Amino acid sequence: MSIQKSILWFRQDLRLHDNAALCAAVRHGAVLPLFILEDEDVTAALGGAGRWWLHHSLAALKRSLGDLHIAQGEPAAIIADLAEKTGATAIFWNRRYEPDAIARDTETKAALSEVGLATKSFSGALLTEPWAVKNRSGQPFKVYSPFWRALQAREIAAINPKPETISLVSASGGLSLSDIDLLPTKPNWTAGWETIWSPGEDGARERLAQFLDSGIEGYATLRDRPDLENVSHLSPHLHFGEVSPATVWWAAMDAAARNPSLEKDGSKFRAELAWREFSHHLLYHFPKLPTENWKPAFDAYPWVQDETQLTAWQKGKTGYPLVDAGMRELWQTGYMHNRVRMVVASFLIKHLRHHWKHGERWFRDTLVDADLANNSASWQWVAGSGADAAPYFRIFNPTTQGEKFDPDGAYVRKWCPELARLPDQFIYKPHTAPPEILNAAGVRLGVDYPLPIVDHAKARQAALDGLQQTKHDFVQ
Ligand code: FAD
């Protein structure tokens, strides 16, 4: 009797544990593991830093599986061809939720059914399907808190064990990782990232274990401190599906069950995972989230376009140490702490009055965790144009935010070493330091470190004036 064969189409689920599609494929018989680099419609959210991550994550997946067939192009044609070559009769995958990916999946399913191939898709990227959580009127949630309550009332799925053995099928004509050319070259700003990150499932599981061991204690209050190690850094691993959100959820539950003093921290951590769910929920129900203001009133805001200021922001040369430290952390590591993301985003949108789309685009290219749902929902949240967003008039003061959340200036000293010798009192306002203090610290303002590119009070007022000019109801 000949063994049944199937194709497992890996997407943003680059893992063997808790992978429903993989389990189904293994139950069906022998498996051809496949990854397809799709065209730009579907991979638009994949920027340079994400491509670096994907390269290493695919290499890790290939090592764990023993083989991975890599292809590039349009999935239906590639899969149909591979099915013919191998005799596979069924195709399994875990779903994605970006609008272009959904459209592509629908087309792919239809095209494969037409040639007689059975397809089955599974849930693997979210705790719950975006269509499954509704408010009392049967509508999607637009506000986070009731969404979070509704999510907690649902049963989170148990974890699928990793298959003990996978019988592999191979096919000719696969590409190598270098053929798909994911690593950035011009410029290659990723040097040294291998020492910071471990893309792949093993790295993800190690990161989770480490966080639960030593980072989660105090998370509820210390997660806002960029100078400390109290966040998980799981975001890129979650984005590429190297660990499932259910695995993270249950691991946090278990940690709190074993050590009840972690109850509050564990619950806060799960509430943050729920922000990820909420962003995907918003994107699923409002697919224009990445391109259009959720609140159309913002279309009338008098945005400024100034390349010099945008470049100063991107390079971390605004003269505001917290903003500059964050932007340099991003460039040097592909990551930025959440509190600092909020401050740099607010600075771009409000102090500089640049449209959030400019920031969203820069983050999309430079974050290793760049994610269409989280990134666009978060930028719109900071702008005030999004669902359940911070009101536009809440303008972060980058100086006091620094003093509050990095009280010893350790974060700034790390990323802006030219300021390292300034006393704490001036670390967040070097332009107010007397000349003798600057001299003693070896800082020449305007030479070693920029003067502020805008005056905080004036910029704040200009942002609020912009709001008034449009004469509508942002502030409600
Ligand atoms: P932890 O605090 O350890 O949180 C655990 C997980 O919960 C994260 O890995 C993430 O998956 C999820 N999470 C936490 N906070 C949020 C949040 N506010 N919104 C959505 N999910 C959250 N996150 C991305 O994953 N990709 C992005 O492209 C992205 N862009 C952002 C842009 C802006 C302007 C802002 C303000 C936030 C953005 N975030 C984004 C959300 C958040 O900053 C990151 O998820 C978080 O900093 C990742 O670090 P961590 O894994 O250590 O987080």
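User: Which residues of α15 meet which residues of α18?

Analyst: From α15 the residues are R339, V343, F347 and H351, and from α18 they are P398, Q401 and F405, where contact means heavy atoms within 4.5 Å. The model is a predicted one, in which local features need pLDDT of at least 70 and side-chain atom pairs count only at pLDDT 80 or more, whereas totals for chains, interfaces and linings use all residues. Residues are numbered from 1 along each chain as its sequence is written, and side-chain values use heavy atoms, with hydrogens and water left out.

User: Why are α15 and α18 called roughly antiparallel?

Analyst: Helix α15 (residues 338–351) and helix α18 (residues 398–405) pack at an angle of about 175°, with their axes 11 Å apart. Angles under 35 degrees count as roughly parallel, over 145 as roughly antiparallel, 65 to 115 as roughly perpendicular and the rest as oblique, and α15 and α18 are therefore roughly antiparallel to each other. The axes are lines fitted to C-alpha atoms, for helices over the stretch in contact, with angles from 0 to 180 degrees between N-to-C directions; the helices (H or I, at least four residues) and strands (E, at least two) are DSSP runs, numbered from the N terminus.

User: What makes R339 a charge over the ring of F405?

Analyst: The charged end of R339 is 4.2 Å from the centre of the F405 ring and sits over that ring; the rule asks that NZ of Lys or CZ of Arg be within 6 Å of the ring centre and within 35 degrees of the ring normal. R11 likewise lies over the face of W9, at 4.0 Å from the ring centre.

User: How do you know that G402 is buried?

Analyst: Buried means under 20% relative accessible area, exposed over 50% and partly exposed in between, with a 1.4 Å probe and protein chains only; G402 has 0%, so it is buried. This residue lies in helix α18, and its contacts, not counting residues up to four places away in sequence, are L322, P407 and Y428. The C-alpha atoms of G402 and R225 are separated by 9.5 Å, although the two are 177 residues apart along the chain.

User: How many aromatic pairs does the ring rule give?

Analyst: The rule pairs rings of Phe, Tyr and Trp (its six-membered ring) if their centres lie within 6.5 Å, and planes under 30 degrees apart count as stacked, over 60 as edge-to-face and the rest as tilted. The count comes to 27 aromatic pairs. One of them joins W52 and W53, whose ring centres are 6.2 Å apart and whose planes stand at 70°, so this pair is edge-to-face.

User: Why is the pair of W53 and F240 called stacked?

Analyst: The ring centres of W53 and F240 are 6.5 Å apart and the planes are at 5°, so the pair is stacked. Because W53 lies in helix α3 (residues 48–65) and F240 in the loop between α10 (235–239) and α11 (245–258), the pair ties together parts that are 187 residues apart in sequence. Both W53 and F240 are buried, W53 having 0% relative accessibility, and W52 is buried as well, at 2%.

User: Is P199 buried or exposed?

Analyst: At 15% relative accessibility, P199 counts as buried. P199 is placed in the loop between α7 (193–196) and α8 (201–215), and, leaving aside residues up to four places away in sequence, it touches W52, W53, H56, S57, A60, H237 and E242.

User: What is the class of D181 by relative accessible area?

Analyst: D181, in the loop between α6 and α7, has a relative accessible area of 53% and is therefore exposed. Its phi is near 55°, a positive value in a residue other than glycine.
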